[in-house]
Each structure stands twice: as C-alpha cells, then as structure tokens.
Amino acid sequence: MGGTLVFAQAQNAVTLDPHDATDGFSVNNTSNVFDTLVRFRADTTQVEPSLAESWTASTDGLVWTFKLRKGVKFHDGTRLDAEAVKFNYERQINPKHPYHHGAFAYAGFTFQNVKSVEAVDELTVRFTLSAPFAPFITNMAMFSTGIASPAAIKKYGKDFFKHPVGSGPFKFVEWVQKDHATYEANKEYWAGRPCIDRLIIRGIPDNTVRLLEMEKGTAHMMNQVNPPDYGRIRQNKDLVLSTGPGLNIGYLAMNVEKEPFNDVRIRRAVNHAVNKAALVRAFYEGIGAPATNPMPPTIWGFNRAVKGYEHSAETAAKLLAEAGYPNGFSTELWWPNRARPYLTQPQKIAEALQQQLAKAGIRAKLVTFEWGTYLSKTRSGEHPMAILGWIGDNGDPDNFLYVLLDKDNTEKGKASNIAFYKSNAVHDLLIKAQQASDQAARTRFYEQAQEIIHRDAPWVPLVYGARVGAHRTQVQNFSLHPLQIWWLHRVWIGK
Amino acid sequence: MAAMGRYVGRRLVEIVPVFFGVLLIVFVIAHLTPGDPVLIALGEHATPEAIDRLRAELDLDEPLPLQFITYMGRVMRGDLGRSIQNNERVIVELGTRFPATIELTFAAMLVASVVGILTGIVAAARQNSWFDGASMFVALFGFSMPIFWLGIMLILLFAWYLGWFPISGRLDYTIELTRLTNFYLVDALLSGTWKALGDALRHLVLPAVTLSTVALAIIARMTRSSLLEVLRQDYVRTARAKGLGEVRVISRHALKNAFIPVVTVIGLNVGSLLGGAILTETIFAWPGVGRLVVDAIFARDYPIVQGAVLVIALVFVVVNLLVDLSYAYLDPRIRYG
C-alpha cells in the first residue's frame, strides 16, 4: 500500500474531459478518474457491472434499463444519480445543451441508435433506442461515456477539460500541460481505494529517453515501447516487458473500384503474394500474429475455420496470368507515415511488401503522405492499394466488420471502408447481427460474413499487432488490458 | 534622440503590415493543407455522421474567405480563439508554453554567447595556434552534429550514468511551485522556493547545452573572423604603436567594432531558436512552444498554429529591432533617421 507511481507515456494528455478525448494518452488519464455504467473485465472485452449494478433489455431490444449503485459520490462530494447520467448524455449529444463545449467526436459512435435517456427515479436510468443495436451495451463501457460531475461541468464550463471531476479511483490534483498530471487515491472509492497514494502520468515523447527514465527508476512504467528495445528490456532484471494479443489489425486494402482490383483474381493474387509471417518476424520482433480475418482472434465471433491465403508467388503469378496480366502490372502501394500498434515500422513494412509483390510480378510504387493528409486521401478513395489499420473501441465484432467492410461506410471523403467493397450479402448479415440480441446468433452471422469476405478478398489482412508495455519489476498486479487502456486502480509498488 | 524615437516609431508601425501578412499567409497555408482536424482527431475512427457534425460545429463548412474575416475580426479584439483539440484558450496555451521556450532559449543563448565569444576572441588573438585549430574544429563539429544524437549522448553520460542532472522534464513533480509567470526560475525566486530554483536550474542545464551548440559554433567562428579583420585595420596598428598591450588593444579598441556581425548572428539565432527548439524540446520532454506548434500542425489545430506563429513572428520582429538599435551603441557612426 502507498507510494507514488510514475507512468511515462509517449505524449501527455490533450484533454482530461473523457467525453472529448480521442487519443489514447488522454484516455489513460480519464479512465483512471471516471467510471462508466458498465466496465470491461480485467482481461477481456466482456462487460461487467460498474456504476450500474444491474441492467435489463426489453425483449425487442429497444429499451435498456440500468439500476445504479447506491451511495456513489463524485470527487466533489455531489451525488451520482440518474439525473447525472442523463446530463452527461445530453451534454454530448445535444448541440444546444448549455454545456456542449467540445467536439465530442465519439458521441455519435457510442450513442448511435440512442433516441432518448430518462431518469426514471433516483437510481434508475432508461435508454430508448430507435433500432435494436446489440453493441450498445459494450459502448456503455467505453471511455467516452464516463460519467462526470454535472456540478463540476457547470462550475468550470469550457475549462472542465482541465478540472476533471469523476467518481473513479483517482482524484485529480494538478495538470501541467505537455508535462505531467498528478492524481491522488480516492479513499472513498466504491470498489475499494487504490493501492497507491499518488499517480503521476508524464509525457516523454522520445522513445529512448522514456526507457532511460524507467531504467533509472524515475518512472515505473511506460507505454509505446520501440520494438528494437524489447531485447534490452528483457535482459534487464529490474524490468518486465508485458505483452499479449492486441485488439487491432493492420491491413492492405485494395480499392475494388479501380482496375485491376475490380477483378477478384487479382485481389487473390495479391493475397498469395504477401508473406505475413516474414513481416511479423522482421518488424514486430515476433510479437504479433499473421492475420487471417478482418478482426482479431481476441474478439468473440472470430472465424477460426478461415485459413489465410497460402504464401506462394507462383500461385499469385498464375492468377495474374488467368486475369490477363501474364507480365504482371504496375500500381501504387500507399503507406501511412506514422507508427501504430498494428504497424510498428511503417516504412520498412511497406518496403518489404513492395519486394514481396514484385516477386509475383506486381510492381508497386510506394506513396506516402503525412497522417492527416493520408487519412483524407484514402477516405476519398484516391489510392489503388493502401495500408491502414484499426484499433478496436469496444471489442465488438461490429466495430471491425461493419465499420471497415460494410457498404454503408463507402461514402467518398468519409469512407471507413477504404476498399470500397460493397457486398449485399455481407451487409445483410452485418445488419442482422446488429439487431439480434442473442450472442450465439450474432456469432453465426459474423462467421458467415468473414467467409464471404475471405472469398471476395478486398483486403490482405496483414497482422494482428500485440499489446506491449513495460514496467519495473517492483510494480505488482499490473496487466495490460486488450484495449490498451492503462487502468491502474489495482496496481501496487513492491520492494 | 528625437531621430532615434522617430526611427523606433516607424519600425513599430511597420510591424502592422507584417502582422497582417503573417496572419493571412499562415491562415491560408494552414487551411489549404489537405487533411482536416476532424478526421485527425478521430484518426481511423471517424464515422460519416461524426465528421459532418463536427465540421459544422467548428465552422469548417463556411467558405474560407468568410472564415478568415471572422478570424481576423476576433484577433483584432484580442481573441485568438480556442484550441480545436481541447478547447483551451490559445492565449492561455501560449502563455504557459512560451515562457518554457524563452527560458530555454535564453539559457542556451547565454551559454552560446559567453562561450562562443570567449572562444572566438582567444582563437583570433592566438591565430594559427593549437587552440585556434582545435576550437575551430570543435566548432565545425558542433555545427554539423545532429541535435538528437548530442542530446541523447549528454543524457546518457551526465544524467543516466553519472546522475548529475535529471533525464528529462522541467521540474520534479514532487516540488510544489506556484506558477505565476510560468518562467520557473522567476516563479521560484518570487516565491522564495530555493529547492524549486535549484531543481529548475538542474533541469535546464542539459537542454540548454544541447540547444546552444549550433549557435555557439556560429558565434565562435563569427567572433574570430570578425575580430581578425578588425585587428588588421590601421587604428589597431596605431593602438599597438602607442605601446598598448594586446589584451588592452583587443578589449578596448578592437572588440566593440568586431561585435556588429556577432550581435546580428545572436539576434537571428534568438529569433529562430524561439520557434525552432522543437528537437531539443522533444528529447528532453520540455513543454515548450516548439512542440506545441508541431503537435498542432499535425492535428490541424488551426487556432493554435495561427496564434503561435503570430507570436513567434512578433518576437522575431522585436528582436531584430533591438539588434538594429544595438548597432548605434557599438558603432557611433551609425545613425538612425
């Protein structure tokens, strides 16, 4: 018990308002200060009670009723009741709300299909949906639905983002922007007080410097470890490299609206040309796994029967010839110039893919843009082939398959389906899966969808990136959640 | 003096068109760069509805000229707007970040000027000696060394291995300091927190040395060549002929005249370091304006980028004015009119 824990991140928080956060660094701060109605279990994306002790859904799946935990108080001493939950929802979703200060970028996603929220009595909240939407309950565990103190939001107004008041395990003390934030243990926390007394979350952008701070002992834990440093950490008996399967995927999308990728044989040829295992060995330090489906195996509904296309330059060349390209063809391979968990070393990975494709006769010119430009150009469909990835928000298959491969998400300029793959069969299955409340039924729909996607091959699913973090040996009881959010409530510092 | 006053007045008036020029150019460049803040904030995650809603809320769906007029109107009223990323007032953001960068820049320029000028003088006085050769070689080295590499090496040696200085940051998180001006040295002095003063100074050393190297090298070489030129002039020969010692010849007669190009270089470096300490700030996790601007550019946080560039431009103009004014002191023949 006790002590101060220093967690060094690659960036300091941008905002401490959970409703307005969009980056992982901010979320690692807010998730230790704010509670959600339900929360993710310690090692999976299944949800369990949190601020809501229990909940029920009506048989038509349209009305969700949450029973709140009794006696929970915000850090400012005010009561957390049904009205507070309603206030938090309306602040985000209603542009005319007097405290709608912020972009609330995630609100449209987390509250999709929510029609209204009512406070039935002091401890009962009722959400009414416009259409049945099974992922709703996992969305209620997402960081952006954290319940903030309405009194504090009213008190600080537009400055709430630097005076966060929640009901979570840690209370806000101080934030020196771009430097560090300080929190202290909430001794009255409903789930028991945190083991440590104080939590410091620092931002240290340079990978090497962050590691040096941890080696020196001036930081206890760090995120975003540089793959070439894995070995150095493993060899140091004072340090622990903690890894596990992640909740993300890196993929190569082929724009099916452009020739020659409108031909399924070409898309399959590209799939055969890529050697995923070699990529994992070379650029992920062996942590991570070759991908077979558009969603990672950490999520329920993953179809294990789908085997990836076998790596074979000959098969690829044969398919190319069948499709009328006996001498191969020239194209472009776009890659994003920003390291992500699913794309640890973007340029090297792109170069390796270029070589692999060349062996099958596909001559790809590498093209890149700065991140912001890259996102808008790929969303407009300017690319023939583009590398991108996705980090799961809530651990629901819908969050991968529907977002990334449904025809609903192919509008130019805003498309999240950057293969512009439009399959009615897949669409029907995904919508049915959204509306079914039974998980076994949903699993069947998703498994079928994955088979069709595999056959149509709009992507080369590349790699499931691992979750990686590092900490000093003295840090006890820490496990990195698949969502890669650093919940530090139960961590303590040993000798 | 009246002429001087008029000169300063005219220069200050000239700031106005510079100000609007900068405002327009930054605005246009920022907004014409592809990529929009909404997409970047959401990253891979934007849903079409979220994108539309946000664009409208941030007034990004208005025509560009209209956005500029609205923006200029607000700037005239002293309102630089709020950050798109977190709603912070731009003026507050700059008010906390600029002091960090100014503190770092001035510490670096202090190191660079003192060491650079002294080295340059000795090298010139002992031209072609081993010291001259060695110091000019080191200066060349310092000029061409990547800051990133140097910073990491200094950290490894002095912070990680020897433990004389902290590895990164600006102040230890255990130290309480009332942040009035956000110049930590000033705040520590004002509140009489000696522990904070010592700690802030210790945090300042390595980044300041790292940041100083390029300027130091330029200043040393400039001082040397400028002084060598002056030493060859007739009035210096006269001074020597009077029987004055070399130290007195240099310090009383030659130095002041040799300083004009040196001061120019120092002034230019202060200006560029204020906006260009980005690498040093990144290595040492220094919460300064360089990182603020870079992060804001990548996030397309237009209000922050525009506000910061505006202030950097103003500082640049003011420092240049000060440099020009110092010429008159160094060389009485220079008059303003």
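In chain A, strand β1 (residues 4-9) and strand β11 (residues 221-223) pair in the parallel sense over two bridges. The model is predicted. Both strands belong to an open sheet of seven strands in chain A, while the secondary structure of chain B comes to 14 helices and zero strands. The largest nonpolar core holds 155 residues, with F7(A), M222(A) and I219(B) among those with the most contacts inside it.

**Sheet of chain A**

- The strand order is β8-β9-β10-β1-β11-β19-β12, and the pairing is mixed.
- Strands β8 (170-176) and β12 (239-245) of chain A form the edges, each pairing on one side only.
- From one strand to the next, the twist averages 20°.
- A8(A) has M222(A) as its bridge partner in β11(A).

**Nonpolar cores**

- M222(A) is also listed among the residues with the most contacts inside the 155-residue core, together with F7(A), A108(B), A215(B), I219(B), V262(B) and A308(B).
- Helix α9 (residues 194-231) of chain B gives the most to this core, contributing 18 residues.
- Leaving aside residues up to four places away in sequence, I219(B) touches A112(B), S113(B), G116(B), I117(B), G120(B), V262(B), V265(B) and I266(B).

**Helix pair in chain A**

- Helix α9 (residues 276-283) and helix α11 (residues 346-359) of chain A have axes that come within 11 Å and cross at roughly 150°.
- An angle over 145 degrees counts as roughly antiparallel, so α9(A) is roughly antiparallel to α11(A).
- The crossing of α9(A) past α11(A) is right-handed.
- At this contact, L279(A), A282(A) and F283(A) of α9(A) meet K348(A), I349(A) and A352(A) of α11(A).

**Chain B overall**

- Read from the N terminus, the elements of chain B run α-α-α-α-α-α-α-α-α-α-α-α-α-α.
- Its C-alpha atoms fill a box of roughly 85 × 55 × 40 Å along the principal axes.
- Chain B has 337 residues, of which 39% count as buried.
- Among the contacts in chain B with a separation of 6 or more, 72% join residues 24 or more positions apart.

Conventions: Residues are numbered from 1 along each chain as its sequence is written. Chains are lettered from A and ligands numbered from 1 in the order in which they are written. This is a predicted model: local features need pLDDT of at least 70, side-chain atom pairs count only at pLDDT 80 or more; totals for chains, interfaces and linings use all residues. Two strands pair if DSSP finds at least two bridges between them. Helices (H or I, at least four residues) and strands (E, at least two) are DSSP runs, numbered from the N terminus. Axes are lines fitted to C-alpha atoms, for helices over the stretch in contact, and angles run from 0 to 180 degrees between N-to-C directions. A nonpolar core is a set of buried Ala, Val, Leu, Ile, Met, Phe, Trp, Tyr and Cys residues joined through C-beta atoms within 7 Å. A residue is buried if 20 or more other C-beta atoms lie within 10 Å of its own, exposed if 12 or fewer, and partly exposed in between; C-beta atoms are placed from the backbone. Two residues are in contact if their C-beta atoms, placed from the backbone, lie within 7 Å. Angles under 35 degrees count as roughly parallel, over 145 as roughly antiparallel, 65 to 115 as roughly perpendicular and the rest as oblique. A crossing is left-handed if the near helix is turned anticlockwise from the far one by less than a right angle, and right-handed if clockwise.
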